[in-house]
There are 2 protein chains.
Amino acid sequence: MDALKLKEKDTIRMTESNLRETTVAIFEKMGVPKDDCRLAADVLITADLRGVASHGVSNILQRYVGFYKDKLVNPTPEWKILRESPAVASINADGGLGIIIAPKAMQIAIEKARNVGVGMVTIQNGRHLSMASYHAMLALKHDMIGMCMTSTMPFMIPTFGAEPRLGTNPIAVAAPADREAPFVYDAATTVVANNKVTLARRMGVKLPPGWVADADGTPIMREVDPPAPGVDRLLPLGSIKEMGSHKGYGLAGVVDIFSGILTGGGYGANNGGKHVCNHCVVAYNIETFMDVAEFKRTMDEWLMMLKTTKPAPGHDRVLYPGLPESECEKEYKAKGIPLHHEVVEWLRKTCSDYKAACYV
Amino acid sequence: MDALKLKEKDTIRMTESNLRETTVAIFEKMGVPKDDCRLAADVLITADLRGVASHGVSNILQRYVGFYKDKLVNPTPEWKILRESPAVASINADGGLGIIIAPKAMQIAIEKARNVGVGMVTIQNGRHLSMASYHAMLALKHDMIGMCMTSTMPFMIPTFGAEPRLGTNPIAVAAPADREAPFVYDAATTVVANNKVTLARRMGVKLPPGWVADADGTPIMREVDPPAPGVDRLLPLGSIKEMGSHKGYGLAGVVDIFSGILTGGGYGANNGGKHVCNHCVVAYNIETFMDVAEFKRTMDEWLMMLKTTKPAPGHDRVLYPGLPESECEKEYKAKGIPLHHEVVEWLRKTCSDYKAACYV
């Protein structure tokens, strides 16, 4: 929705490096070990660079600082492997932030995939992992396909239901190409992520049809004011049964199974609002399936086919998942990352409050 | 859509066993080896029993007989493993029907999952595999989670596009519970499977909003007559960008990668209408992640939570994927499978044409 986009006049451009060093400094003041601060900052800056501001410094660092302050997240988790086999590991994250634990779990998955073809790691007692595709993309430079799923607190109304039961439960998949930008899928199984509703509320903008349900669970298929804060009635992808909402609902269920129940840490709805998110990351070693060069060549051909599809009236071109994000990353690396001036003020104030070095 | 449902007055009830023996007899006359005939019949009968008539004897056997007659499918494929590692195998199906090759691939995946935790098998040069969840469900009795994806010929218009580029590309996931019916997800990544459009055309029924695009690619958000036969412009799950169609489009892409490109056999759109469908099956061995009894107990609790969700007005209850199919299976096993009288006539004529034993 264009109405939710950041307006250039409200923004200040920051260099990647300045934003990164400021973020590292803030994480250090939360009691997070140095290497973990760099890792955490990389996840958030990558989200900002790819235009996924909802999961970057701009939108989520403030929440994480609150988590650390309220002791909802453990800055020095002693995470450990509970079960392990050649293709599988099951981790207890000891309440560590997902943006720090998930990349480590993905490294384990990659090592296992190198050895046996597939590596899959589940994470219980986890916390928010920001942009799921960050973790999936870690597989790319190893010539692997990566996947990441996370089971969140309930925001989604099941088809025919009147109460939230499943999270926004995103799925991310990243697959390498040769000359083309990699395929990077990253999407909630609700029509929209919850933060878009929050954003619309803050900006006083109406929601389009098909995003949320009424108080009694009836899908709202007209423009509507955003519901009050704390009211979570997002519709599954598909919006209504006649347009396939049971498919979005079912996919959220798949995510709750793989990255909730199978972790041994329960599912989104039984975490009792404790900000627990459980996860699952997978790496698939392409060369165990086929020749890597042929895979990448075919990916190029396929991605080229998708992006050169004849557009429908009113559209300039057809995109594929990961293409606009890759273009955005190039632009922001060159011209800086645009941040809303309120975000910059918050960063400065937070650095001042915690006596952290400030580069913004 | 209720208008597309079979009407009791048009149907004849068949016992599972009579329908199965008739189906076996027809496959035998196609030159398929005896054991493979039983396997093929089991896939189709299971679909009919679970109320998925679109993928059962009633709707698809006629197509398969045509395939064998036109030599588009190999009745005696010499399928072979091209690459193998502890968690992975890549198979060339030698043009064998997916309903026969995919269960064999799944057995390999299950064996690998038993050994190393996860087993994943890709299948190139495959053909139609009917109800994808049949293959995923094979994992259940081994206390494993099963997955199956298949990359089909292009029917789906990408978001913003005007030409079909991706298949209906279904995803199926089956996970076991203890007392509750298993979770069985099985859905195309388009709003509806193509056969629903075909069925609506045959029955002279209009399509609801959000199913198909106009000739220029514009999504049709009003009731509309089904397009002419051979015109494939299905919308991705989500229907329009504002309601998340890029998510359905992207998921179809994920399926094209895993069960198309990664098989080494190409993707749906480059198979040139040759009725090639490539596949991917995966088995996840629950005990390598966590205690199996605890997994099933948690599944029961979670499924119970979903099905006891307070319903929205106009609905009796909330379902979960696999629940209505399981209820249908119980009913049809007891009372027989309802077949449209035209299907029964076709079965009798086909048996007569091919001199096959007929039990219907």
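**Notebook: sheet, chain contacts and salt bridges**

I began with the sheet of chain A, an open one of 7 strands in the order E2-E3-E4-E8-E5-E6-E7, with mixed pairing. I note at the outset that the model is predicted. I looked up the edge strands of this sheet and found E2 (80-85) and E7 (183-187) of chain A, each of which pairs on one side only.

**Entry: strands E4 and E8 of chain A**

I then asked how many bridges join strand E4 of chain A to E8(A). I found 6 bridges between E8(A) and E4(A), which covers residues 118-124, and the two strands run antiparallel. Within E8(A), A:Val281 is the residue that stands opposite A:Val121.

**Entry: helices on the sheet**

Which strands of chain A does H7(A) lie across? I recorded E4, E5 (144-151), E6 (171-175) and E8 of chain A, and H7(A) runs at about 95° to E5(A). I also found H7(B) packed on this sheet, where H7(B) touches E5, E6, E7 and E8 of chain A. The direction of H7(B) makes about 135° with that of E7(A).

**Entry: aromatic pairs**

I counted 8 aromatic pairs over all chains. One of them is formed by A:Phe258 and B:Tyr284, whose rings lie 4.8 Å apart, centre to centre, with 65° between the planes, an edge-to-face arrangement. I placed A:Phe258 in helix H7 (residues 245-258) of chain A and B:Tyr284 in strand E8 (residues 278-285) of chain B, so this pair joins two chains. Are A:Phe258 and B:Tyr284 buried or exposed? Both A:Phe258 and B:Tyr284 are buried.

I next looked up A:Tyr284 and B:Phe258. Their ring centres are 4.8 Å apart and their planes stand at 65°; planes over 60 degrees apart count as edge-to-face, so the pair A:Tyr284 and B:Phe258 is edge-to-face. A:Tyr284 belongs to strand E8 (residues 278-285) of chain A and B:Phe258 to helix H7 (residues 245-258) of chain B, so this pair also joins two chains. I noted both A:Tyr284 and B:Phe258 as buried.

I located B:Ser90 in strand E3 (residues 88-92) of chain B. The relative accessible area of B:Ser90 is 1%, so B:Ser90 is buried. Neighbours within four places in sequence aside, I listed the contacts of B:Ser90 as A:Phe289, B:Lys80, B:Ile81, B:Leu82, B:Arg83, B:Thr122 and B:Thr263.

I found A:Ser130 in the loop between E4 and helix H5 (132-137) of chain A. With a relative accessible area of 6%, A:Ser130 is buried. Residues up to four places away in sequence not counted, A:Ser130 touches A:Val43, A:Leu44, A:His55, A:Tyr64 and A:Ile99. I also looked up A:Leu61, which is 69 residues from A:Ser130 along the chain; their C-alpha atoms are separated by 9.8 Å.

I found B:His142 in the loop between helix H5 (132-137) and strand E5 (144-151) of chain B. Its relative accessibility is 23%; buried means under 20% and exposed over 50%, so B:His142 counts as partly exposed. Residues up to four places away in sequence not counted, B:His142 touches B:Gln107, B:Ile110 and B:Arg114. B:Asn92 is 50 residues from B:His142 in sequence and 25 Å from B:His142 in space, C-alpha to C-alpha.

**Entry: salt bridges**

I searched the whole structure and found 38 salt bridges over all chains. A:Lys104 forms one of them with A:Asp36, with 2.8 Å between the closest N and O atoms. I noted that this pair links distant parts of the chain, with A:Lys104 in helix H4 (residues 98-116) and A:Asp36 in helix H2 (residues 34-49) of chain A, 68 residues apart. A:Lys104 is partly exposed at 25% relative accessible area, whereas A:Asp36 counts as buried at 11% relative accessibility.

B:Arg38 lies in helix H2 (residues 34-49) and B:Glu21 in helix H1 (residues 16-29) of chain B, 17 residues apart. I recorded B:Arg38 as partly exposed at 37% relative accessible area, and B:Glu21 as partly exposed at 24% relative accessibility.

The side chains of B:Glu329 and B:Arg50 also meet in a salt bridge (3.2 Å, N to O). B:Glu329 lies in helix H9 (residues 323-335) of chain B and B:Arg50 in the loop between H2 and helix H3 (57-69) of chain B, so the pair ties together parts that are 279 residues apart in sequence. B:Arg50 is buried, with a relative accessible area of 8%. Finally, I noted one network in which salt bridges that share partners join A:Glu16, A:Arg20, A:Asp42 and A:Lys333.

Conventions:
Residues are numbered from 1 along each chain as its sequence is written. Chains are lettered from A and ligands numbered from 1 in the order in which they are written. This is a predicted model: local features need pLDDT of at least 70, side-chain atom pairs count only at pLDDT 80 or more; totals for chains, interfaces and linings use all residues. Side-chain values use heavy atoms; hydrogens and water are left out. Rings of Phe, Tyr and Trp (its six-membered ring) pair if their centres lie within 6.5 Å; planes under 30 degrees apart count as stacked, over 60 as edge-to-face and the rest as tilted. Helices (H or I, at least four residues) and strands (E, at least two) are DSSP runs, numbered from the N terminus. Buried means under 20% relative accessible area, exposed over 50%, partly exposed in between (1.4 Å probe, protein chains only). Two strands pair if DSSP finds at least two bridges between them. Contact means heavy atoms within 4.5 Å. Axes are lines fitted to C-alpha atoms, for helices over the stretch in contact, and angles run from 0 to 180 degrees between N-to-C directions. A salt bridge is a side-chain nitrogen of Lys or Arg within 4 Å of a carboxyl oxygen of Asp or Glu.
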